[in-house]
Amino acid sequence: MGNGATRSLERVAAAMGELESAPIEFQSTCDVAQGGVLLALPALLAAGLLCHTAEFYQLPKGFYGIESIFLLLGLMALARIRSLEQLRYQAPGEWGKLVGLDRIPEVRTLRAKLKLLCQNLGRAMRWNAQLAKDWIARQNDAELYFYCDGHVRVYHGDQTALPRHYVARERLCLRATTDYWINAMDGQPFLYVNKEVDPGLIATLQQDVIPWLEASVAKTPEQERRLAEDARTHWFTLVFDREGYSPELFAQMWKKRIAILSYHKFPQDDWPREEFTTHGVLLAGGETVTMQLAERGSQLSNKLWLREIRKLTDSGHQTSILTTNFQAPMTTLAVSLFARWSQENFFRYMREHYSLDRLIEYGTEPIPDAISVVNPAWRKLDSQIRSQAGQRYRLAAQFGALALSEQGTLAGRDSGSGFGDRQPQTTAEENRASHSSEVPAGGRPLHAPTHGTQALHRHSQDDRLSCRIQHGVAARRAYGTWRRRCPCPTAPDLPDRSGPDTRLGCQHPDGPAPPSHPSCSRSGHRTTARRPQCHADGISWHQAHFGLQTRVILISPRSGGLNVN
């Protein structure tokens with residue numbers, strides 16, 4: 001029966017199929033290791049850890065029932081036991097006293113129970129939705145604010161080639177999946193949606209988040225009356241960052257009476273300082289600070305009118321905020337948007353204390369056919385087009401540099417030498433780059449950029465990490481226990497171009513060639529200056545600094561030997 005097993009009769013009855021589950025019975029005892037986690041047991045029960053378990057989950061007859069399994073997972077998270085394997089090194093009898101049994105199950109038994117509970121992925125989603133409805137109904141605020149943001153979970157294994165995502169905390173593009181979380185202002189989680197093929201925040205809001213909120217957020221009779229009487233009244237407010245900026249999305253959400261609160265992605269000129277007034281605002285954490293705020297009406301490209309609020313900092317920077325919430329004062333809206341960092345704190349806290357990014361199981365499963373992925377044929381041809389366009393651009397830069405360098409010496413030389421000799425050769429190279437037989441010039445491939453996975457041959461990118469047990473355990477870990485910007489890379493220092501004979505694209509005939517930059521010394525280095533917002537494989541990328549683009553283009557080893565100061 002194992003070490004620490006003292007309830008022998010009940011275990012024999014469970015082995016014979018005569019016991020539904022062993023009852024949880026706490027006994028008085030002394031010197032129990034990790035006993036402090038029992039102080040959080042009332043909070044776990046109040047959060048609804050065992051409220052809807054019988055409605056959504058069933059286990060066959062056995063000694064360990066659903067309540068003991070759920071309670072064990074919750075206490076493991078509170079005790080910072082980050083995986084099931086770490087439970088092997090805990091005293092089973094001591095932990096049995098914490099869950100009201102003689103001992104806890106073996107790890108293999110616990111894995112078998114979890115496999116039964118997580119066979120149907122939709123079951124965990126329904127359980128999560130029911131708990132979220134209860135939590136939303138308990139919100140005391142008159143106005144509801146929901147915060148949506150993505151969290152990148154990096155995958156370092158080799159079982160499948162996941163798409164690359166930009167990881168802000170590491171400033172690298174790594175293979176990962178993206179989880180989109182919905183949180184309250186204080187960081188309490190409501191929902192998360194896993195995207196193995198990330199369509200972006202705008203598509204996730206339209207396809208997953210907004211339908212889920214419409215089904216989960218109930219309208220009170222008072223809200224229905226106000227929505228019918230006043231056309232400027234909103235249902236609730238959704239807060240997100242600049243990635244979700246879309247005038248079309250704002251208009252669609254306002255038709256559903258859902259207000260948005262986000263940053264202005266394309267603010268105009270700075271407002272006069274005289275428009276800003278000082279306000280004392282109360283932050284979500286209880287701290288009172290002063291802000292210089294101003295407000296105007298703003299019209300977007302689709303003729304949608306909304307409120308634009310700007311915050312003036314001590315350095316003179318103006319942060320622009322857009323919202324369709326016409327009821328709340330601008331101080332409340334400013335505080336609500338800047339409280340978005342509580343969601344970032346939630347991600348960091350959960351990563352460090354509850355292993356949010358840790359894999360619960362090792363395995364892969366096919367990506368559903370309904371999910372559109374990048375067509376490999378389109379990606380290959382698009383890469384060739386970019387390569388040919390880059391070659392043509394570098395040859396054009398070389399042609400311009402030769403033309404500029406010959407202007408100072410053309411008067412003292414024969415017009416048939418120098419520039420006249422090099423022009424036909426460069427032009428011929430440009431023509432070869434422009435009319436390559438491998439890639440159609442001046443256009444994109446005829447293949448569709450995306451398609452369903454069913455049309456593809458099976459390859460590694462068609463698989464995703466298995467998330468059945470991952471979702472079930474992550475839901476219990478995050479929801480049960482919690483209920484209590486990335487700077488762009490800076491450009492390297494460019495050499496001094498202030499000399500009398502140093503012009504862009506012009507080199508003195510007798511001057512030495514400048515040294516290559518260390519970052520461009522790698523053979524076959526590929527630049528992305530022609531399309532700085534998109535990586536070679538279609539991954540979104542930050543806008544590069546203009547000076548960095550110019551240096552990489554002109555000093556790249558693939559520039560045909562062009563030397564430019």
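Visitor: Why is Arg80 called partly exposed?

Guide: In this predicted model, Arg80 has a relative accessibility of 29%; buried means under 20% relative accessible area, exposed means over 50%, and partly exposed is what falls in between, with a 1.4 Å probe and protein chains only. Arg80 therefore counts as partly exposed. Its place is in the loop between α4 and α5, where helices (H or I, at least four residues) and strands (E, at least two) are DSSP runs, numbered from the N terminus.

Visitor: What makes the phi of Arg80 worth a remark?

Guide: Phi of Arg80 is near 60°, a positive value in a residue other than glycine. Most residues other than glycine have a negative phi. Arg171, which is not a glycine either, has a positive phi of about 55°, and Arg171 lies in the loop between β2 (164-167) and β3 (172-183).

Visitor: Is Arg171 buried or exposed, and how do you know?

Guide: The relative accessible area of Arg171 is 51%, and Arg171 is therefore exposed.

Visitor: Why is Gly100 called buried?

Guide: Gly100 has a relative accessible area of 1%, so Gly100 is buried. Gly100 lies in the loop between α5 (92-98) and α6, and, leaving aside neighbours within four places in sequence, Gly100 is in contact (heavy atoms within 4.5 Å) with Arg7, Pro23, Ile24, Glu25 and Phe26. Although Gly100 and Glu25 are 75 residues apart in sequence, they are 4.6 Å apart in space, C-alpha to C-alpha.

Visitor: What makes Val107 count as buried or exposed?

Guide: Val107, in helix α6, has a relative accessibility of 4%, and therefore counts as buried. Beyond its neighbours within four places in sequence, Val107 is in contact with Leu84, Glu85, Leu87 and Arg88; Leu84 is 23 residues from Val107 in sequence and 6.4 Å away in space, C-alpha to C-alpha.

Visitor: Why are α4 and α6 called roughly perpendicular?

Guide: Helix α4 (residues 66-78) and helix α6 (residues 107-117) pack at an angle of about 110°, with their axes 11 Å apart. Axes are lines fitted to C-alpha atoms, for helices over the stretch in contact, and angles run from 0 to 180 degrees between N-to-C directions. Angles under 35 degrees count as roughly parallel, over 145 as roughly antiparallel, 65 to 115 as roughly perpendicular and the rest as oblique, and α4 and α6 are therefore roughly perpendicular to each other.

Visitor: Which residues make that contact of α4 with α6?

Guide: Ile69, Phe70, Leu72 and Leu73 in α4 meet Leu110, Lys113, Leu114 and Leu117 in α6. By class, this contact has 7 nonpolar, no polar and 1 charged residues, with Ala, Val, Leu, Ile, Met, Phe, Trp, Tyr, Cys and Pro counted as nonpolar, Asp, Glu, Lys and Arg as charged, and the others, Gly among them, as polar.

Note on methods
Residues are numbered from 1 along each chain as its sequence is written. This is a predicted model: local features need pLDDT of at least 70, side-chain atom pairs count only at pLDDT 80 or more; totals for chains, interfaces and linings use all residues. Side-chain values use heavy atoms; hydrogens and water are left out.
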